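Could you walk me through this model, with the cut-offs spelled out along the way? Here is the structure to look at.

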Amino acid sequence: MAALEVGALRDDERTPVASLAARALCANPLERAAGGRDAARRERALAAFFRTFFALAPAAPLVARRAGLPVGVAGAAPPGLCLLPASHVLRLLPPLLRFGPRACARRLRCMAAWAERDPQEPHWHVGPVAVEPALQGGGIGTRLMERLCARADASGADAWLETDRAENVRFYERLGFETAEQVRVLGIPTWLMRRRA
């Protein structure tokens, strides 16, 4: 198997990496609750959302590549930049509306629920973290997260994330994250996790 290389997202990778993230995340409980029942529509809308989201990200996400092809992505907003300015939220509305008006409203409620629980102290806000579904469990996510954690440690700031999958909680705990709070967002159990620098 080809070696894994990790580096910043390149402009020419934005579309394939957005599609990868959509494939990896569209079946998550919160995505199903927010995005509606039609899995194909959810995946298309998520891909459009991530194309715009990655273009607006304050720091380029990390991309894992094997034989030059993207197989994983992990984003993290640096301290002070994780809450999107109103201008960015407005630019995200067109791709959010691809989910449909009701689903768009549910997604905005998710974003608001996370924003109100965002830590006050400086932190790296991690997400999205996604690995090509057929390659999950092979260490790609771990490599990406180790790089993000090293970046956070070097800056002296904590890392923060949200996850809606219990198996992800165990994954993040192995990397030093602890559950700060468990809440229900759109009726879905969601873990808010912190990793101290």
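What follows covers a helix pair, the cysteines and a few backbone details.

First, the ground rules. This is a predicted model, in which local features need pLDDT of at least 70 and side-chain atom pairs count only at pLDDT 80 or more, while totals for chains, interfaces and linings use all residues. Residues are numbered from 1 along each chain as its sequence is written, and side-chain values use heavy atoms, with hydrogens and water left out.

Let us start with the helices. Two packed helices are described by the angle between their axes and the distance between the axes. Here, helix α1 (residues 14-25) packs against helix α3 (residues 39-56) at an angle of about 130°, and their axes are 8 Å apart. That makes α1 oblique to α3; angles under 35 degrees count as roughly parallel, over 145 as roughly antiparallel, 65 to 115 as roughly perpendicular and the rest as oblique. The axes are lines fitted to C-alpha atoms over the stretch in contact, and angles run from 0 to 180 degrees between N-to-C directions. Helices (H or I, at least four residues) and strands (E, at least two) are DSSP runs, numbered from the N terminus.

Which residues of α1 and α3 meet? On the α1 side they include Val17, Ala18 and Ala21, and on the α3 side Leu46, Phe50 and Phe54 are among them, with contact meaning heavy atoms within 4.5 Å. By class, this contact has 10 nonpolar, 2 polar and 4 charged residues.

Now for the cysteines. A disulfide is a covalent bond between the sulfur atoms of two cysteines. With a disulfide taken as a pair of cysteine sulfur atoms within 2.5 Å, the count comes to 0. For Cys26, the nearest cysteine sulfur is that of Cys110, 15 Å away. For Cys104, the nearest is also that of Cys110, 11 Å away. Cys26 is buried at a relative accessible area of 8%, and Cys104 is buried at 4%; buried means under 20%, exposed over 50% and partly exposed in between, with a 1.4 Å probe and protein chains only.

Finally, the backbone. The peptide bond from Gly127 to Pro128 is cis, with omega near -5°, and Pro128 sits in strand β4 (residues 123-131). Ala67 is not a glycine, yet it has a positive phi of about 55°. Ala67 belongs to the loop between β2 (62-66) and β3 (69-77) and is exposed, with a relative accessible area of 66%. Leu186, not a glycine either, has a positive phi of about 55°. Leu186 lies in the loop between β6 (178-185) and β7 (188-195) and counts as partly exposed at 26% relative accessibility.

Note on methods: Nonpolar A, V, L, I, M, F, W, Y, C, P; charged D, E, K, R; others polar.
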